[in-house]
Amino acid sequence: MKTYLVTGGAGFIGSNFIHYMFGKYGKDIRIINVDSLTYAGNLENLSGIEEKYDYGFVKADIRDREAIRKVFKENDIDYVVNFAAESHVDRSIENPEIFVETNVLGTLVMLNAAKEAWETEDGYKEGKRFLHVSTDEVYGSLDDPEDYFYEDTPYSPHSPYSASKASSDFLVKAYVDTYKFPAVITNCSNNYGPYQFPEKLIPLMINNALHGKELPVYGDGKNVRDWLYVDDHCKGIDMVLKGGRIGEKYNIGGHNEKENIEIIHIILDTLKEILPDSDERKKNISEDLIRHVTDRKGHDRRYAIAPDKIRKELSWEPETRFEEGIRKTIEWYLSHEEWMAHVTSGDYQSYYEKMYAGR
Ligand code: NAD
Ligand code: DAU
């Protein structure tokens, strides 16, 4: 039985990954989730998991060297999947420091702890793997509509978030090159699906539309993101972990580029279609809610992944078409009002007001 150490498993992609892996391997695997439960971490995303599967939760910060070493000492970890990060670009523009601390220093702590636990006299224990979950944002922004991000596209991060992720990628690569450490990196495009915190475009727009609140579009709304249903990302991570070549990086994306404004119209149209006339919330849904606001500083214009390598080497293919995925996602949010109420309690409102004040 393989033991996975998943960091950031209480967040959006991490919790979907834990559901995906138990759904696929059931009781044949063990997962330990290490998460410090920031504003973005929510154990409700995993409720019921421990009763059904071999799952353990450790509340710890990946910057805490001793806490992380303890997890490795107490468990024979086979695979590390490092999701834990500060993940929101707007927050990184407001407060860059925590991004460097968690994303760079936290990753370094994880690398050192795994190296220490796995090292032998002549290399590393058999079969151990460290997968670092990264992003397409490290490549910067594409101007030419015919261009795509490949694994050898030079890094050119623009936001403090993407700069911190790029730094962490370089550290992982440095551990491979210097210590022959058994690591791989994935660089994925924008994910969407259940459990995404409503500071990000898709859940923010769904939640605001349902409550008749304005839909803040940054700039002209024509920035392009390449959207991938979260389960397809999880499937790619699993494949790279098992079949990816050590020291390599793999781009993950499904050629699904859309302008932000198009996404917003799709959300409004789908909500109108799904909600029955008897649902009070339907009255709120309107294009009149769209409001163009001051652009994000340093806003990247277009991201687009070329997933040729993962397709060719590992036969990865996305399974969820966007029309199906966005519908499933909207249906999930419609049936999880309580989840939304919980994650938007606390300091969410003040975050929201601060983020959009004067825009
Ligand atoms: P998220 O913000 O939803 O979740 C992050 C999780 O990490 C939370 O549970 C949080 O509590 C935890 N965390 C934060 N700081 C921590 C610390 N110091 N110690 C321990 N736990 C900590 O993020 P997400 O969208 O699920 O992204 C997960 C990873 O995937 C990130 O590394 C991100 O860069 C990467 N990624 C995200 C996307 C996307 O579209 N969301 C796309 C590509 C790559
Ligand atoms: O590309 C992968 C990245 O995708 C991940 O690495 C990040 O962790 C993740 O947050 C996401 O980054 P983006 O900045 O692309 O996601 P966000 O949802 O914040 O914004 C998507 C686009 O929508 C972006 O062009 C900004 C725009 N936007 C966003 C918000 C929150 C708006 O126009 N209005 C908004 O209110």
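An oxygen atom of ligand 2 sits 2.8 Å from an N or O atom in the side chain of arginine 225. The protein covers 95% of the 690 Å² of accessible area that ligand 2 has on its own. Two elements give two or more residues each to the shell around ligand 2: helix H7 (201-210) and strand E10 (215-218). Keep in mind that this is a predicted model.

Stay with ligand 2 for a moment. Its shell holds 24 residues. The closest are Asp136, Tyr161, Asn190, Arg296 and Tyr356. The side chain of tyrosine 161 has an N or O atom 2.6 Å from an oxygen atom of ligand 2. Asparagine 190 places a polar side-chain atom 2.7 Å from an oxygen atom of ligand 2. What is the make-up of the shell around ligand 2, by nonpolar, polar and charged residues? The shell has 10 nonpolar residues, 8 polar ones and 6 charged ones.

Now turn to ligand 1. Here 29 residues form the surroundings. Ile13, Asp35, Ser87, Tyr161 and Lys165 are the closest.

The polar contacts of ligand 1 involve both backbone and side chains. A polar backbone atom of serine 36 lies 3.1 Å from a nitrogen atom of ligand 1. In the side chain of aspartate 61, an N or O atom is 2.8 Å from a nitrogen atom of ligand 1. Tyrosine 161 brings a polar side-chain atom to 2.6 Å from an oxygen atom of ligand 1. How much of the accessible area of ligand 1 does the protein cover? Of the 830 Å² that ligand 1 has on its own, the protein covers 96%.

Which elements give two or more residues to the shell around ligand 1? They are helix H1 (12-25), strand E7 (129-135), helix H6 (160-179) and strand E9 (190-192). E7 gives the most, with 3 residues. By type, the shell around ligand 1 divides into 13 nonpolar, 12 polar and 4 charged residues.

Next come the helices. Two packed helices are described by the angle between their axes and the distance between the axes. Begin with H7, which contributes to the shell around ligand 2. H7 packs with helix H9 (residues 260-274) at an angle of about 45 degrees, and their axes are 10 Å apart. That angle makes H7 oblique to H9. The crossing of H7 and H9 is right-handed.

H9 has another partner, helix H11 (residues 322-334). Their axes are 10 Å apart, and the angle is about 60 degrees. H9 and H11 are therefore oblique to each other. Their crossing is right-handed.

Finally, return to H1, which gives residues to the shell around ligand 1. Which way do H1 and helix H8 (residues 230-243) cross? Their axes come within 9 Å and cross at roughly 65 degrees. H1 and H8 are therefore roughly perpendicular to each other. The crossing of H1 and H8 is right-handed.

Note on methods
Residues numbered from 1 in each chain as written. Chains lettered and ligands numbered in written order. Predicted model: local features only at pLDDT ≥ 70, side-chain atom pairs only at ≥ 80, totals over all residues. Heavy atoms only, no water. Near = heavy atom within 4 Å. Polar contact = N/O pair within 3.5 Å; in protein donor to acceptor, adjacent residues only side chain to side chain. Areas by Shrake-Rupley, 256 points an atom, 1.4 Å probe, with all protein chains shown as cover. Helix = DSSP H or I, 4+ residues; strand = E, 2+ residues; numbered from the N terminus. Nonpolar A, V, L, I, M, F, W, Y, C, P; charged D, E, K, R; others polar. Axes fitted to C-alpha atoms, helices over the stretch in contact; angles between N-to-C directions. Parallel < 35°, antiparallel > 145°, perpendicular 65-115°, else oblique. Left-handed = near helix turned anticlockwise from the far one by under 90°.
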